[in-house]
Amino acid sequence: MVQKPGERERCATGLEGLDTILYGGIPRANTILLTGSCGTGKTSLALEFLIHGAIKGENSLFISVTENSEKLLQNIMPYKFFDRNLIKSGRLVFVDLPIMYERLGMTKAELSMEEIDLLATAISDLAAELGTKRLVIDSITSVCYKLKTSEKIRDFILKLGKALSDLNCTSILVGEVPAESTSYSSFGVEEAIADGIILMANMERRGDLLRTLQVIKMRGTMHSRAKYVLDLTPMGVLLVPLLKGGSTG
């Protein structure tokens, strides 16, 4: 899609359906909250976003909070478009945040304000060192459990988001919410700060459990707010419009 004069540069996700919804992709350097309940495909979508970036030559960084990187790699190997050389070349890098905590001496259950500054700086310094243009933290909810208070969560996300934006890095923060939640984030802070919200969910329809995706907000671009059905395939994430005429039963 050709960028018009005055339009913000886009970071095409590489997921055809999502880029169509966003009129070309996520506005470059935005911080997006990718949120939803368990089993909705958040990690798969985030990984695909990074892989497509790495294939295009954009250095991409996945920061895993709860799952070992080696295990994650096993999950993405079935993708037809995944190439291990992306990792060997340094285009696609995986970092386990618990190891970073340990190296920074962050062993307590709750981080202090000083440690929050240190953590945000450590992540942004790593992104700068690697020349990162796409970054995923999976999940920001797990990080928030170490921050505890709304004030600390707001401070951390704002500082990290600004630092990454200054690097022209487009970021996805993966959030977790209960299946029946009416909020887009566990602490109610993440959704207010993020430049965009992509909501993923499970929906029962005629006895099947469908995954759905809906862009709730996206600063800097027009976008569809329609709900789409999402399918995870060896070719990647496929999106098709949800047909109207009954969502359940």
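## Strand S6 and its surroundings

Strand S4 (residues 60-64) and strand S6 run parallel and are joined by five bridges. Two strands count as paired if DSSP finds at least two bridges between them. Helices (H or I, at least four residues) and strands (E, at least two) are DSSP runs, numbered from the N terminus.

The model is a predicted one, in which local features need pLDDT of at least 70 and side-chain atom pairs count only at pLDDT 80 or more, while totals for chains, interfaces and linings use all residues. Residues are numbered from 1 along each chain as its sequence is written, and side-chain values use heavy atoms, with hydrogens and water left out.

**The chain as a whole**

The chain contains nine helices and eleven strands. For its 249 residues, a compact globule would have a radius of gyration near 18 Å, and the value of 18 Å for the chain agrees with this. That radius is taken over C-alpha atoms, and the globule rule is 2.2 Å times the number of residues to the power 0.38. Along the principal axes, the C-alpha atoms fill a box of roughly 55 × 40 × 40 Å.

Of the 249 residues, 51% are buried; buried means under 20% relative accessible area, exposed means over 50%, and partly exposed lies in between (1.4 Å probe, protein chains only). Among contacts with a separation of 6 or more, 69% are between residues 24 or more positions apart, where contact means heavy atoms within 4.5 Å. The chain exposes about 11900 Å², of which carbon and sulfur atoms supply 53%. Accessible areas come from the Shrake-Rupley method with a 1.4 Å probe, and for residues only the protein chains shown count as cover.

Strand S6 comprises residues 134-138; five of the five are buried, so the strand is largely enclosed by the rest of the structure. In a regular strand the side chains alternate between the two faces of the sheet. In S6, Arg134, Val136 and Asp138 point one way, whereas Leu135 and Ile137 point the other way.

S6 also pairs with strand S7 (residues 170-176), in the parallel sense and over five bridges. Valine 136 of S6 stands opposite phenylalanine 62, and the bridge partner of valine 136 in S7 is isoleucine 172.

**From S6 to helix H7**

Aspartate 138 and serine 139 are joined by a cis peptide bond, with omega about 5 degrees. Serine 139 has its place in the loop between S6 and H7.

Helix H7 (residues 140-147) is mostly covered, with seven of its eight residues buried. These buried residues are Ile140, Thr141, Ser142, Val143, Cys144, Lys146 and Leu147. Just after H7 comes lysine 148, which takes a positive phi.
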